[in-house]
Amino acid sequence: MTSSLILKRCRPPYLSVTLGWVLGVCLLPLVSMAQTPSTPDQQRQSLVQALQKRIPGTNPADWVLGANPAVVVEAIPLNADNATNSADILAIGKKAWDRKFKNGKSLAICFPNAGKRVAATYPQFDAKARQVVTVEMAINKCLVLHGEPEIAAPNANLMGPLSAYFKSLSDGQRLTVRVGSVQAREKYDAGLMMFQRRIGQQDVACASCHVQNAGNIYQKQGLSAVIGQAVTWPRLQPGGRVIGLQAQFQRCMQRSGAEPFAVGSEELNNLEYFHAFMSNGLTMRALAVQR
Amino acid sequence: MVALGITRSCHLLLIFTLVSLQPSQSLAQGNAIAGRALFAEERKGNCGACHKTPTDASRTGASNIGPALEGFGQKYAAPTDRVRLRDSIRDRSAANPSTIMPPYGKHHILTESEIDDIVAYLETL
């Protein structure tokens with residue numbers, strides 16, 4: 001059976017659940033972060049504690065390359081695939097980053113400090129636009145501002161290396177995503193809800209695997225913990241393809257038997273916002289994981 | 001006479017309702033060979049994704065989200081246990097709302113007869 005058939009079959013009613021149903025049925029068995037009026041920082045802390053109970057003797061920094069090194073490490077060390085390595089990808093990204101626009105400027109002009117140590121603060125909440133802005137959106141916004149065509153989100157061949165290079169300019173920095181206003185909190189909460197929402201024919205949530213079963217083995221591979229995931233994206237796949245975080249969200253949704261939201265959609269942007277916040281304080285390592 | 005008719009109708013409705021609310025009671029004999037294929041098929045049972053199976057050489061690296069499936073034939077030998085096993089495959093969330101196990105029957109991942117086939121295969125383990 002093709003995946004498109006699976007997706008078509010699963011469209012209703014599994015993704016069109018009502019908020020009440022989600023709150024009443026789906027979220028209760030999972031982590032209860034959304035049910036207490038705690039701050040995002042407190043929620044992150046309680047999630048750290050829950051994961052440390054699941055994977056004793058580990059800390060968030062240990063989860064960056066896979067949740068449970070004692071069982072099976074999900075991550076494969078970089079450069080295991082000789083065909084392509086991170087240097088090749090970053091060189092492609094740098095070339096695109098340094099490319100002069102028709103007006104003589106380049107992407108660096110749009111970011112403070114020419115983009116160094118900036119990606120570690122993304123996703124950001126744009127108060128004027130009232131939306132979450134990802135690294136990829138910020139790059140496209142800059143391109144459009146300077147009369148250049150934007151890069152289609154699924155165009156991993158160009159956006160992947162470009163966002164990898166931008167993020168590599170923050171390597172070694174601690175991820176510091178801010179949720180600094182009521183409006184930003186709404187987006188964060190929407191992302192949290194998406195993280196906990198059971199979807200698809202398989203009836204699973206992101207939290208089912210990456211909280212409830214973090215460190216366990218699924219399909220012969222260790223399930224990573226949600227905390228630590230955000231700092232290593234984008235990822236390099238065997239064969240040299242770069243895959244972005246939202247493309248991975250889509251893969252998980254497809255695996256759940258649900259029709260995935262589009263890359264760059266409000267749903268996935270909010271999910272990325274919550275997801276990145278959970279890795280706050282961890283050190284950025286773009287392309288550190290190959291899988 | 002009318003009252004008797006209404007009472008009889010109510011009884012029929014009650015019986016119908018009770019039957020409808022019963023968990024799956026089917027004890028149809030499935031095909032273990034077909035069940036084995038469904039058990040392994042990624043878009044059907046894909047059971048090995050979460051369970052250690054008898055073909056996994058060792059526990060190290062074997063899936064461990066659900067219980068290991070060795071000895072299920074003995075464990076669920078009694079007819080009532082078999083119904084319980086079948087119901088678990090059909091919709092595990094009815095008994096355990098926080099389960100990660102897909103509701104194979106409820107969400108039409110497997111047909112009722114395919115569930116019978118998988119139960120038949122599990123009985124051989």
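Here is a short chat about a predicted model with chains A and B.

Biologist: Before we start, what kind of model is this, and how are residues numbered?

Modeller: Residues count from 1 along each chain as its sequence is written, with chains lettered from A and ligands numbered from 1 in the order in which they are written. This is a predicted model, where local features need pLDDT of at least 70, side-chain atom pairs count only at pLDDT 80 or more, and totals for chains, interfaces and linings use all residues.

Biologist: How are helix H7 and helix H10 of chain A oriented to each other?

Modeller: Helices here are DSSP runs (H or I, at least four residues; strands are E, at least two), numbered from the N terminus. H7 (residues 182–196) and H10 (residues 266–277) of chain A pack at about 90°, their axes 7 Å apart; axes are lines fitted to C-alpha atoms, for helices over the stretch in contact, and angles run from 0 to 180 degrees between N-to-C directions. Under 35 degrees counts as roughly parallel, over 145 as roughly antiparallel, 65 to 115 as roughly perpendicular and the rest as oblique. So H7(A) and H10(A) are roughly perpendicular.

Biologist: Which residues of H10(A) does H7(A) meet?

Modeller: Contact means C-beta atoms, placed from the backbone, within 7 Å. From H7(A) come Lys187(A), Tyr188(A), Ala190(A), Gly191(A), Leu192(A), Met194(A) and Phe195(A). In H10(A) they meet Glu267(A), Asn270(A), Leu271(A), Tyr273(A), Phe274(A), His275(A) and Phe277(A).

Biologist: Which residues have the most contacts inside the largest nonpolar core?

Modeller: A nonpolar core is a set of buried Ala, Val, Leu, Ile, Met, Phe, Trp, Tyr and Cys residues joined through C-beta atoms within 7 Å. Buried means 20 or more other C-beta atoms within 10 Å, exposed 12 or fewer, and partly exposed in between, with C-beta atoms placed from the backbone. The largest core has 88 residues, and those with the most contacts inside it are Phe166(A), Leu175(A), Phe195(A), Phe274(A), Phe277(A) and Ile118(B).

Biologist: Ile118(B) is in chain B, then. How are H4(B) and H5(B) oriented to each other?

Modeller: H4 (residues 79–91) and H5 (residues 112–122) of chain B pack at about 125°, with axes 10 Å apart. The contact includes Ile118(B) of H5(B), and Leu85(B) and Ile89(B) are among the H4(B) residues. H4(B) and H5(B) are therefore oblique to each other.

Biologist: How many residues of chain B are in contact with chain A?

Modeller: On the chain A side, helix H8 (206–212) and strand E3 (217–218) each supply at least two residues. In all, 17 residues of chain A touch chain B, and the number on the chain B side is 16.

Biologist: Is His108(B) buried or exposed?

Modeller: His108(B) lies in the loop between H4 and H5 of chain B, and has a positive phi of about 60° although it is not a glycine. With 12 C-beta neighbours inside 10 Å, His108(B) counts as exposed.

Terms used:
Two residues are in contact if their C-beta atoms, placed from the backbone, lie within 7 Å.
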